[in-house]
Structure formats: structure tokens, C-alpha cells
Amino acid sequence: MLVVQKFGGSSVADTDRIKRVAQRIIETRNAGNDVVVVVSAMGDTTDDLIALARQVTDDPPPREMDMLLSTGEQVSIALVAMALIAAGCPAVSLTGAQAGIYTNGIYAKARIVRVEATRVKQALREGKVVVVAGFQGVDGAQEINTLGRGGSDTTAVALAAALRADLCEIYTDVEGVFTADPRVVPDARQLTEISFDEMLELASLGAVVLHPRAVELGKLYNVPLVVRSSFNNKPGTLIREVSDVEKPAVVSGIAHDSNVAKIGLFDVLDQPGIAATIFSALAAEHIDVDMIVQGAMRDGRNDIAFTVKRNDLRKALDVIATIKDKVGAKGYTFDEDLAKVSIVGAGMVSHPGVAAKMFDALARAGINIEMISTSEIKVSCIIRAERVADAVRVLHAAFNLSQNG
């Protein structure tokens, strides 16, 4: 078998943990597997590098930030490879560029566009464990791009897909995927397995166990994923394609996201092309928009509200200020004291009344809903930020998620 293993920053936070990771890798190799390893920067290294840049300038150039932040993973891969070699295991470390990971040229949140893993395959043929830097790649001009927070997950799954790996194991500081954040809901239950679709929704809605792009790639290339703890040998949670006949749970989990801000435009002209103008301008600045709500038309005008990540709010407001007159808006407002809570479950599509049960549970707890978004397998609500923990606990109890499915 070919196994890709990814170890997060907490798993390689110090040299003792790096040595333990090396032993786990060696165990996997001794079981007869070829192994490719993807690692993140050690512990809080990325945060420390960001702080260092801020000491130099309040406005660091994006290119130089990517140059700086990519060094964190370079330290990790060298140390992991050294630990493997010291333990008698042949190994080689490769940066994202050396591993053939090519990106689309967007600094700080690039996407992987292709993987040319020739050098990785050659090292495997030579009997080596290949240790690859996560979170990074290069564009066509050989400029270093980072993939954003959680990008090492994406690196691991992209490599697994390119190499046609049999399994991709994501090692982290949690034991798997839970029905809710155990820090918020102490009796949250670990899931044995979950579908790609459900995991993609949970990851997109705030569950930080996996990067959404990693789940997308896993589903697209049908790479089975396992989320496991690097601190014990428990089996973790398997993420795979699930058929309709397997009758997934109505609600599998609760996700929440406190990185939410809302912008509202008043009295926008109700005519073709207005929405395109607004959201194309935001997209041009690489601002991800989540929920969009358009109010009822009156006198040829309506209101449009949408949500963005709180850390994109200032940039989004600059865009809105620029195009406000172009779309005929009489004004705009914003609110950053918000959060999103969501229920996710592949079984929701065949069980009417799930959304109503969610709304009723929140109402009984005195939690007001400001915006709603739905899909076949999720319902999301925007609420006040100070009530988000209450909302998660209320919904977890309402759908009996502490009980085995």
C-alpha cells in the first residue's frame, strides 16, 4: 500500500514529538507500506513569524509574507527527515516546489492547480520515506504561494490523489471527527465514519478538523481519509463515499463559526446585473461570500445582505464603498458581532421538519435568527456571537447527538 500521512503543527511542536512522529512513520513503513509524509510548521511557528513581520511593518507585502511563512514547514521537514534517518529509516525532505506542487499565484490563500510528483515517485522507488512541506507550492513564475490556514491538509490529499495512494491519514491533536466541538459540548460523540459530503459541509461551516479543499479533493479523487490523533493509536474517523442505501443519520453533527461579519446594502436598484456587479467586485479582491439574502422588492428597489469572514470585513467595506453609487444603493451597514451555527446530515434530504426542529430549539432558548441558509444536507443560521456556544449545546441536545446513531 501507499499511505500519505499528514502531521499538524501540534504533532511536531518540539523535538520529542518529532521523534515520536518518526517512530509512527517507521511503524507504518515496517508494515510493508510506502510512505509519503506531509508536515506543518512546528507548534506556533506560523503565528510567531506573522508577529515578527508585524514588528517590521504594519503592512507586509503579500509576496514577502509567503516567502517568510513558507520557512516554517521547511524547518519541520528537515527535522522529521533527520529523525527518520537517525532511526535507520531512509528519508528525504522536499519543499512544496521540489515536490512539484503548483499553485494559481494568489498569495496567502492559493489553490493547488496540479501536482507533478516525479521527484516524489523517484524517491519512493529508491526506498525512501518522502517528507513534504505542507501549506505551500509555487506558481508558473516560480513564486512561492501559501495555501492559507489548514493548507497542509490540502497538500496531503492532493499528493495522495496524484500518487493514487490507498489511504491518506490526517494526524492532529484530536481523535477524530465529533458531533460538535468537544470544547463546547463535553459529551460530544466521536463519529466512526462520515461521508465526504457531510464532512465537506462541516469543514466549510467552521469545523476545524479538516480544510474544506482537502475534503473536496478527497471526494473528487475518491481518496479515503482518516482523521486520527498523533498522541494515541485509536482508529479515528474514516471519511469516505457513502451510498444512499447506507441510510446516513438525519443529523450527523453541529458546526459553528465565529469568524462572521454581515454587510447590508439598502435600496439597491432592482434590475439585471446589479448582483453580478456587487459580487464580481468582491470576488476580484478574493473575498469569499457565504450567505446572501435579498429582500422583497419595493418601488423598484430592494435590500441585499451577505456575510463574509470577519477578517475580510474591512476589505469588503472598501469594495462596497467604491461600488455603492454604481448599484444605486442609498447606504450600507455592517455587523461583526455575529456567528454561524449549522446542522449537517445526509439523511436530512429524506426527513422533512428538520429545519423546523432546529428553529424551534433555538427559539425555546431565546436565540434570535438573523439569516438562514440551507442545502440538501445542512441548515445554517446567523445569530449573535455571544449566544453561539449556547446554540451549539441546545441543538446537540435537541437532535440527541450524544447517543450512538
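Trainee: How many disulfides does a search of the whole structure find?
Mentor: This is a predicted model, in which local features need pLDDT of at least 70 and side-chain atom pairs count only at pLDDT 80 or more, while totals for chains, interfaces and linings use all residues. Residues are numbered from 1 along each chain as its sequence is written, and side-chain values use heavy atoms, with hydrogens and water left out. A disulfide is a pair of cysteine sulfur atoms within 2.5 Å, and the number found in the whole structure is zero.

Trainee: Which strands are the edge strands of the open sheet of six strands?
Mentor: Strands are DSSP runs of E with at least two residues, helices are runs of H or I with at least four, and both are numbered from the N terminus. Two strands pair if DSSP finds at least two bridges between them, and the order here is 14-15-13-16-18-17, with antiparallel pairing. Each edge strand pairs on one side only, and these are strand 14 (289-294) and strand 17 (371-375).

Trainee: Which residue stands opposite I372 in strand 18?
Mentor: Strand 17 and strand 18 (residues 378-384) run antiparallel and are joined by five bridges. The residue of strand 18 that stands opposite I372 is C381.
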